[in-house]
Amino acid sequence: MIIQLPGALLRFANYQREFQYDSTTLKTGLDSLMAQNPALKSALLDRKGKIRSAHLLFINGDQLDRGSSTDRALGAHDCVEIVTAIAGG
Amino acid sequence: MPFDTSMFSPVQIQPRRLLQLSMSGWARWLSEHLSVSFPSMVSKHHASAVVAGIELEYLEPLRFLDADILQVRVGLSARREGSILDLVLDYSASAKSIACVRLVVIPVHVEDVESLSALPQKLPDELLARFDADEVADEVAAEPRRMREELRALRKEKPACERRTPFTIHRHMCEVADQWSFIELPGLVEPGREAICLDPPPRFDELRAGVSQRLVRIDAELRRPFFAFDTGILVTRAYVLPSRIVYVHELRSARGRNHRHATVIEQFEVAA
């Protein structure tokens, strides 16, 4: 799958916008992303390990409902886009 | 603020500079009235704010040689229990009001002080309690409708031309969270307008007013952020109206569904 980061998070991923993984579920894809970019973890996840409210996930352009299972199966050509709603700078 | 040459165009004080000074005035107001700095507001109160609306009105002509010092008076008030802030800045020179900036500001709760990701949330009670009584409006004040009315009126008019200009959000256009800054809106829309001004369509030479005449006002609505390195499309429509020249700009995402991130209306006086 392809995972795309928003500009707000690029500084936690060495300014790489797009990542490609062979993972088969959303969860394992996100795990791979954070294993490759450890600084992303606290920026993207809250203390309970859930995606912070300020970030939204889109899969192939469709917004993933908050609370949806991340065990969802994804294929090699699926695109996960992380969008930051707003930042407080 | 002493005048310097970088503050002015040949015809007036630059709008970007007025917005930049608005930000400085805001920071100073917070420090003097609420005894809080922007950094401590974020780090201690997990609070910040984003600008959702801009009204900049030039009241009197003012050129570089007309005065030496710019003065600004700042007022901040809260409404809807601190879920909206109104920042008003009156600029004057030589004892004359020369411009007024009104910013509609949305307080946000900062979830994480490293990434500064945030969500809209009313100002913390601890900070709201530091406002003077006359700085807090209990009633629901009327939303500024000027921009929407202006856009509605323009729908009846036929634009003289339309132009699309790609742009990239570079880091110098962003604030500390790598999110675009409202200060940069006048500069972001400028390429679309200037290209039309310098090469207007046949029989629309009046459109050159967009560089030759005084900007009278800017209204802007910011709907969603851009972040550093994002790309977008600036859609500019130019209108020649009986008493003014109007440029309407939409800043849209270049990706996905081309969401509209902001709308800006610039109005110029007509040459005498």
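**Notes on the interface and the cavity**

1. Chain A and chain B bury about 2000 Å² between them, and carbon and sulfur atoms give 51% of that area. Please keep in mind that this is a predicted model.

2. How many residues does each chain bring to the contact? Chain A puts in 24 residues, and chain B puts in 27 residues.

3. If you like to look for charged pairs, the count between chain A and chain B is two salt bridges. One of them joins Arg11(A) to Asp178(B), with 4.0 Å between the closest N and O atoms. Polar contacts between chain A and chain B come to nine residue pairs, with both residues at pLDDT 80 or more.

4. On the side of chain A that touches chain B, the elements giving two or more residues are helix 2 (40-44) and strand 5 (79-84) of chain A. By class, that side of chain A has 10 nonpolar, nine polar and five charged residues.

5. Now to the inside: the structure has one cavity of 30 Å³ or more. The volume of the largest cavity is about 60 Å³.

6. Which residues line the largest cavity? They are Trp26(B), Leu30(B), Leu34(B), Met41(B), Ala49(B), Leu76(B), Leu85(B), Leu123(B), Leu127(B) and Phe131(B). Sorted by class, this lining has 10 nonpolar residues, no polar residues and no charged residues.

Terms used
Residues numbered from 1 in each chain as written. Chains lettered and ligands numbered in written order. Predicted model: local features only at pLDDT ≥ 70, side-chain atom pairs only at ≥ 80, totals over all residues. Heavy atoms only, no water. 1 Å grid on protein atoms, 1.4 Å probe; cavity = no way out; pocket = protein on both sides within 12 Å on 5 of 7 lines; lining within 4 Å. Points joined across faces, edges and corners; volume = space filled by probe spheres on them. Nonpolar A, V, L, I, M, F, W, Y, C, P; charged D, E, K, R; others polar. Contact = heavy atoms within 4.5 Å. Buried area = accessible area lost by both parts, 1.4 Å probe. Salt bridge = Lys/Arg side-chain N within 4 Å of Asp/Glu carboxyl O. Polar contact = N/O pair within 3.5 Å; in protein donor to acceptor, adjacent residues only side chain to side chain. Helix = DSSP H or I, 4+ residues; strand = E, 2+ residues; numbered from the N terminus.
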